[in-house]
Structure formats: structure tokens, C-alpha cells
Amino acid sequence: MRQSAHFIFHDSPMPLYAQLSDLLRQRIARGLWKPGDKVPTLEALVEEFQVARVTVRQAVDILTREGLLSPQRGRGTFVTEKAPTERSLKLETSLQGLAEAYRHDKPQLSLIEETGVVPELEPADGHAAPAYQHLRRVHSRAGEAYCVASIYLDKRVFLLAPKRFRQETVVPVLMDMPQVKIATAQQTLRIGTADVELASLLHIPLNSPVAEVRRIFVSPDGTVLYLGNITYRGDFIQFEMKLTL
């Protein structure tokens, strides 16, 4: 009798083959399986992950359709030469760098758009604007969802360019507006796990690691112009910082 699936798989509504395909995809993305490498046999993967042969076949089929793996009759399955060895999004620590990093990304999906709402602010954040526009959307790069953003934007700022704010990422639009003055900007990062909704929107297994960023821009008079709660796929984010001596 076959053992139950390996403990690394979550009790998740996401099918086991999808969880396995994501794990194998990460091996390629991290360079553990390099372009041209022959991947372990079907039997070896069945033994390693303690899953059925059909589960491994389905996972390999997914990566084959994505162009990451290439099964070759009589030889085995190989990582394709075009497979990316690195997939990361640098979490910038300067406003201009942040704007440029996101300038060419497009919101893939608008989930919510509300007006007249007020975000939850801490005393140290600054004071609230009279009203906010709330935008919640998924952002994609090269056709792959990488973050879910919940953004509160001062309604007066939003009305300066409502079409652009609805169609583009918010930070680059803000940086293009000379009439909008940002006195301070800060962000905090914590590591969390994906709940059912996030897992579905980002196409990752339930409880996968995610990076949760809270980002705030404040005007010279202390008004919170922008509050963003952004959740990034853990396998997509790269955070770099200089250490002082």
C-alpha cells in the first residue's frame, strides 16, 4: 500500500498535482535544475514525494506546456534551454526606484473600487484625507500574477488622473505628478502565508510563503496620500538592503 503524500504538501483545496508542479517550477527558477539538465525519472519523483504516478505525470505535463520541461522519447525529461534560471522582483527602497520597477506592469484584474472609504491608520502614520478611493487589483508581469494590492488613494489626488490610476500601477503615476508633493515615504515588510483567496489569485498553494508590505506616502501637511497593502508571492520577491558599518 502506497504511503500518503509527503508532509510538504498542504491540506489544500489546490490539487496535489498543482502543488507538485509549483514545487518543481521553483527548483527550475532557483537554478537547482538548470537548463539542459535531465530531471529525475518518474519513478524517482514518485518515491521522493510519495505520490501516485499520475500526479507526477500531471505536474510534468503542466511544466511541459509552460515550456520549462521537454520530454524526449527514450532519453528522459530535460529542462529546456530557454527556461528562466531567475525570477525575482526587487523590492526597491527608494521612491524613484519603486516607480521605475512597476512602470511597465499593468493591473490584471480590478476586484474592488470604492469611494468614500477611510483606511485604518496608526497615530504615527499621519492624518486621514477627507475621502479615499480604494483600488484592489492583481498585478502581473510577463503574464504571471505576482502581487495583490489594496490601495487607498487620497480622492483629491485620484481625481487628478482617474483614468491613469485605473489603468496603470499607482506609484509611477504619482511620481509623474509635479503637483503632488510627497514629504515622507516608508514601508514595512513581514513574512506571512497565503490564505485561500490569495492562493487562488496568485496561483500558488494554500499556505505558501508571501511577503506582506505596508507602504505609506505622506504630504508636507501630514496627510496620508497613499496607503498600500501589497502581498507578493514569496518566490517572486527579492529584498536587498545595504548594511552600515
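**Helices in contact, and the spaces between**

Modeller: Leu42, Glu43, Leu45 and Val46 of helix 2 meet Arg53, Val56 and Arg57 of helix 3, where contact means heavy atoms within 4.5 Å, and helices (H or I, at least four residues) and strands (E, at least two) are DSSP runs numbered from the N terminus. This is a predicted model, in which local features need pLDDT of at least 70 and side-chain atom pairs count only at pLDDT 80 or more, while totals for chains, interfaces and linings use all residues. Residues are numbered from 1 along each chain as its sequence is written, and side-chain values use heavy atoms, with hydrogens and water left out.

Biologist: At what angle do helix 2 and helix 3 pack?

Modeller: Axes are lines fitted to C-alpha atoms, for helices over the stretch in contact, and angles run from 0 to 180 degrees between N-to-C directions. Helix 2 and helix 3 pack at about 110°, their axes lying 9 Å apart. Helix 2 is therefore roughly perpendicular to helix 3, since angles under 35 degrees count as roughly parallel, over 145 as roughly antiparallel, 65 to 115 as roughly perpendicular and the rest as oblique.

Biologist: And how do helix 1 and helix 3 pack?

Modeller: Helix 1 (residues 16-29) packs with helix 3 at an angle of about 50°, with 8 Å between the axes, and these two helices are therefore oblique to each other. On the helix 1 side the contact includes Leu16, Tyr17 and Leu20, and on the helix 3 side it includes Thr55, Val56 and Ile62. The residues of this contact divide into nine nonpolar, three polar and one charged, where Ala, Val, Leu, Ile, Met, Phe, Trp, Tyr, Cys and Pro count as nonpolar, Asp, Glu, Lys and Arg as charged, and the others, Gly among them, as polar.

Biologist: How is empty space found?

Modeller: Rolling a probe the size of a water molecule over the atoms shows where empty space is left. On a 1 Å grid over the protein atoms alone, a cavity is a set of points where a 1.4 Å probe fits but cannot get out, a pocket is an open set with protein on both sides within 12 Å along at least five of seven lines, and lining residues have an atom within 4 Å of a point.

Biologist: Which elements line the second largest pocket?

Modeller: Helix 2 (42-49), helix 3 (53-65), strand 1 (69-72) and strand 2 (76-79) each supply at least two residues of its lining, and helix 3 has the largest share, three residues. The lining has 13 residues, with Leu42, Arg57, Val60, Pro71 and Thr77 nearest the centre of the pocket, and by class it has six nonpolar, four polar and three charged residues.

Biologist: How many cavities of 30 Å³ or more are found?

Modeller: A search of the whole structure finds one. Among the 14 residues lining the largest cavity, Tyr102, His139, Arg215, Tyr226 and Ile230 are the closest to its centre. Strand 6 gives the most to this lining, with four residues, and by class the lining has 11 nonpolar, two polar and one charged residues.

Terms used
Grid points are joined across faces, edges and corners, and a volume is the space filled by probe spheres set on the points.
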